[in-house]
Amino acid sequence: MAALFRRAMDFLYLSCVIVGCTALVAISAVIPWAVFTRYVLNSAASWPEPTAVLLTIVLTFIGAAAGYRLNLHMNVAYFAKKLPPPLQRATDILVQLLMALIALFMVIWGERLVEVTWYNTIPDFPSLSVGVTYLPIPIGGVCLLLFVIERIFLGVPPDPIGKHSEAAPFE
């Protein structure tokens, strides 16, 4: 059962990475287009800025869940690493429980935000519901919660890239 759950989390992680990377690439394409239309064509397009904001929401919440899974986020572990091993484990459990609390907050209040704004529209995209644009918040919260559960019960997942060495700068 643990191996099946780990494989499911690997798939979820890969999905989050693909979605986050796609959003980042799209942002990287949309912003230059906005600059081009504004300064070269002297006719600024209205859609690039809200599109970039919406893609940033996707990147932030879905991509952050993926980054959390492999501990790629910023953290301050200096004092925790100075503790004896049993207290390090207790501190890690406390951190995971606090992260689960944050994930639950994202799921519950994000879902309420989606529900409240579902019938509102974005002026630049009248066919797009504002609620749809907030969907990455509860989705990212669910992903984050699953990754926290994985970490509590199965431990830190193995790095899919594996160990690699950096070449010395002046070789």
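**Note on a salt-bridge network and its surroundings**

1. Arg 6 and Glu 150 form a salt bridge, with their closest N and O atoms 2.9 Å apart; the term denotes a side-chain nitrogen of Lys or Arg within 4 Å of a carboxyl oxygen of Asp or Glu. This pair links distant parts of the chain, since Arg 6 belongs to helix 1 and Glu 150 to helix 6, 144 residues apart. Helices here are DSSP runs (H or I, at least four residues), numbered from the N terminus. Both Arg 6 and Glu 150 are buried. Buried stands for under 20% relative accessible area, exposed for over 50%, and partly exposed for values in between (1.4 Å probe, protein chains only).

2. The structure is a predicted model, in which local features need pLDDT of at least 70 and side-chain atom pairs count only at pLDDT 80 or more, while totals for chains, interfaces and linings use all residues. Residues are numbered from 1 along each chain as its sequence is written, and side-chain values use heavy atoms, with hydrogens and water left out.

3. A second salt bridge joins Arg 69 to Asp 10, where the closest N and O atoms are 2.7 Å apart. Here too distant parts of the chain are linked: Arg 69 is in helix 2 and Asp 10 in helix 1, 59 residues apart. Arg 69 is buried, at a relative accessible area of 2%, whereas Asp 10 counts as partly exposed at 36% relative accessibility.

4. Glu 150 and Arg 69 also meet through their side chains in a salt bridge (2.7 Å, N to O). Because Glu 150 lies in helix 6 and Arg 69 in helix 2, the pair ties together parts that are 81 residues apart in sequence. A search of the whole structure finds four salt bridges.

5. The axes of helix 2 (residues 48-69) and helix 6 (residues 136-154) come within 9 Å and cross at roughly 0 degrees. Axes are lines fitted to C-alpha atoms, for helices over the stretch in contact, with angles from 0 to 180 degrees between N-to-C directions. The two helices, helix 2 and helix 6, are therefore roughly parallel to each other, a label given to angles under 35 degrees.

6. Thr 133 lies in helix 5 (residues 130-133) and counts as buried at 9% relative accessibility. Leaving aside residues up to four places away in sequence, Thr 133 touches Leu 54, Ile 57, Ile 122 and Leu 128.

7. Tyr 39 is placed in helix 1 (residues 2-39) and counts as exposed at 60% relative accessibility. Tyr 39 is one of the residues of a nonpolar surface patch that also includes Ile 31, Trp 33 and Trp 47, with about 800 Å² of accessible area together for the whole patch. Such patches are made of residues with over 30% relative accessible area and no salt bridge, nonpolar side chains (Val, Leu, Ile, Met, Phe, Trp, Tyr) being joined within 5 Å and like charges within 9 Å. Accessible areas come from the Shrake-Rupley method with a 1.4 Å probe; for residues, only the protein chains shown count as cover.

Definitions and conventions: Angles under 35 degrees count as roughly parallel, over 145 as roughly antiparallel, 65 to 115 as roughly perpendicular and the rest as oblique. Contact means heavy atoms within 4.5 Å.
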